[in-house]
Amino acid sequence: MSVKIQLFFAISSSIILWGGCDNDKQNQKIDEAAMARSASIYQTNCASCHGEQMIAFTDRTWKHGQERDSLIQTISNGVLDAGMPAWGKVLSEVQIQELADYIITGIEHVKNFGFEEVRLESDTFQTEKFAFHLDTVASGLSIPWGIAFLPNAEILVTEKKGDLILIKANGEKVLVSGTPKVSFDVQGGLLDILLHPDFANNNWLYLSYSDYIIEKGDTLSGTAIDRFTYKNGTLTEPLEIFRGRPYSSAKWHYGSRMVFDDKKHLFFIASDRANQKENPQTLENPKGKIHRVYEDGSIPEDNPFVNTESAVPSIYSYGHRNAQGLAYHAETGVLWAHEHGPRGGDELNIIKKGANYGWPNISYGINYDGTSFTQKVAEEGMEQPVHYWTPSIAPCGMAFVNSAIYPGWNGDLLVGSLRFKYLNRCILKDGKVIQEEVLMKNIGRLRDVRQGPDGYIYISVEEPGFIFRLIPL
Ligand code: HEC
């Protein structure tokens with residue numbers, strides 16, 4: 001089946017789910033001017049978390065009530081420890097009432113209000129340098145978070161809901177056994193996957209995920225990494241590499257991309273767990289940090305804070321918010337990371353040993369509710385980003401192109417955009433982004449991008465979940 005047909009299938013079935021109400025009768029009650037006002041407020045304030053097309057509200061179990069009054073309550077007061085800001089001080093009562101009507105009406109009239117997913121016209125894309133075709137490597141996935149390439153040309157992919165899937169050369173999917181228990185909630189789940197550089201000999205692979213405990217009826221979670229031995233569809237010999245303790249009730253900002261450098265140091269991200277006041281600027285807990293350990297989780301003796309009293313010794317850099325992209329540039333030996341800003345101010349950084357990246361003291365972004373948490377974009381002793389994105393593109397996944405297959409792309413940095421559903425090509429010169437090209441607009445929330453051992457670029461997109469390979473024409 002071609003890509004075009006598969007995408008159409010998945011999307012048209014969700015439209016059927018949303019439809020099915022008596023549109024003409026309902027239409028008479030709609031105040032179009034109020035809808036237009038709310039649409040604009042929604043785009044500015046809500047779309048970054050709930051989706052441009054209100055998708056987050058359509059096919060869900062309502063937690064806080066679907067009636068008009070409950071919606072007004074939730075929007076005004078927020079659900080602070082779950083990451084929903086309170087809007088009562090920022091928006092007027094009337095604006096909030098209109099937003100509640102807008103959400104109710106929007107869900108009922110998804111078709112009339114143009115909330116349908118944009119459909120891709122073709123699976124062939126023209127770029128500034130060449131045209132390419134998308135080859136479907138795997139379909140029928142949901143949220144494929146991380147991809148790894150086995151030496152025998154099979155692929156392993158983490159599904160956020162907790163499954164590790166083996167994709168055989170003929171496209172057949174097999175569930176891998178022995179995966180850890182994960183807290184699959186909001187941003188938590190089974191997250192990144194990384195093979196050890198000597199995987200062909202030792203069969204080691206690393207999984208990052210949201211680990212959890214239940215304490216007095218509450219679920220507390222944190223970023224976790226384990227190493228496993230992988231053979232024939234089974235994981236054995238779990239070894240604990242990292243636990244982002246103390247665990248907390250927040251369900252987002254886990255990080256947690258992983259990468260090896262050429263000296264078998266494992267770098268990984270443990271994000272700030274949505275507690276910007278307590279976590280990113282202290283060295284006494286592991287959250288809001290990039291860490292460096294050896295292959296078994298032990299601490300390199302030249303880590304920057306090994307001799308700092310009460311510092312977590314695996315910390316390599318700090319002052320990070322929520323980072324979901326990490327890439328090692330083998331030729332220069334430089335580590336790159338990107339991170340989500342709050343509203344605006346997503347950053348691309350070159351990671352230096354012991355450096356402070358400034359969150360939340362300095363930022364180019366503002367709070368989700370439009371208020372600012374800092375006036376400062378720079379401070380002595382804090383690193384400046386190489387590049388920042390305002391409005392936020394919501395970056396996820398990152399890879400350098402180091403392949404003769406793509407004429408003119410060698411050395412470029414590819415970054416996925418969850419929010420705008422495209423692949424961003426950053427053209428670098430002297431460690432700066434000098435130009436960007438948007439590739440495959442509307443392909444879907446782009447979760448991971450990697451260059452395979454075959455030199456081809458692979459991407460994963462979610463809901464519906466696919467893995468695609470870019471084949472130049
Ligand atoms: C920073 C991200 C973020 C932004 C921005 C945001 N929300 Fe939310 N919102 C959430 C999260 C997370 C939840 C789920 C809370 C939970 O699980 O209890 C939520 C829940 C809700 C709910 C309740 C859904 C339910 O299940 O009952 C409503 C209604 C809502 N948001 C409306 C809005 C509106 C309207 C805006 C814009 C004015 C907005 N949100 C902006 C993150 C956000």
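Where is Pro464 found? Pro464 is in the loop between strand E24 (457–462) and strand E25 (465–472), helices (H or I, at least four residues) and strands (E, at least two) being DSSP runs numbered from the N terminus. Pro464 is joined to Glu463 by a cis peptide bond, with omega about 5°. The structure is a predicted model, in which local features need pLDDT of at least 70 and side-chain atom pairs count only at pLDDT 80 or more, while totals for chains, interfaces and linings use all residues. Residues are numbered from 1 along each chain as its sequence is written, and side-chain values use heavy atoms, with hydrogens and water left out.

A cis peptide bond also runs from Gly255 to Ser256, with omega near 15°. Ser256 has its place in strand E11.

Ala394, with phi near 60°, is in the loop between strand E18 (387–389) and E19. Its relative accessible area is 15%, so Ala394 is buried, where buried means under 20% relative accessible area, exposed over 50%, and partly exposed in between (1.4 Å probe, protein chains only). Met440 is not a glycine either, yet its phi is positive at about 60°. This residue lies in the loop between strand E22 (432–439) and E23, and Met440 counts as buried because its relative accessibility is 4%.

The helices may be considered next. Helix H3 (residues 32–45) has 14 residues and reaches 20 Å from its first C-alpha to its last, close to the 20 Å expected at 1.5 Å a residue; the expected span is 1.5 Å times one less than the number of residues. The buried residues in H3 are Ala34, Met35, Ser38, Ile41, Tyr42 and Asn45. These residues are on the same side of H3 because they cover an arc of only 130° around the axis, the arc being that of the directions from the helix axis to the C-beta atoms. An α-helix has 3.6 residues a turn, so residues three or four places apart point the same way. In helix H6 (residues 68–77), Ser70, Leu71, Ile72, Thr74, Ile75 and Ser76 are buried. Gly78 follows H6 and has a positive phi, near 70°.

Polar contacts are pairs of N or O atoms within 3.5 Å; within protein, one must be able to donate a hydrogen and the other to accept it, and residues adjacent in sequence count only if both atoms are side-chain atoms. Asn279 lies in the loop between strand E12 (266–270) and strand E13 (289–293), and Asn279 counts as buried because its relative accessibility is 5%. Its side chain reaches the backbone oxygen of Asp272 at 2.9 Å. Asp448, in strand E23, counts as buried at 1% relative accessibility. A polar atom of the Asp448 side chain lies 3.0 Å from the backbone nitrogen of Ile147.

Asp296 is found in the loop between E13 and strand E14 (315–318). With a relative accessible area of 40%, Asp296 is partly exposed. Its C-alpha atom is separated by 6.4 Å from that of Ile241, 55 residues apart along the chain.

A pocket is an open set of points on a 1 Å grid over the protein atoms alone, with protein on both sides within 12 Å along at least five of seven lines, whereas a cavity is a set of points where a 1.4 Å probe fits but cannot get out; lining residues have an atom within 4 Å of a point. Grid points are joined across faces, edges and corners, and a volume is the space filled by probe spheres set on the points. Of the 38 residues lining this pocket, Leu194, Val259, Phe260, Tyr328 and Gln451 are the closest to its centre. The elements that give two or more residues to the lining include strand E7 (190–195), strand E15 (322–329) and strand E23 (445–451).

A search of the whole structure finds one cavity of 30 Å³ or more. The largest cavity has a volume of about 50 Å³, and the residues that line the largest cavity include Arg321, His340, Tyr357 and Trp359.
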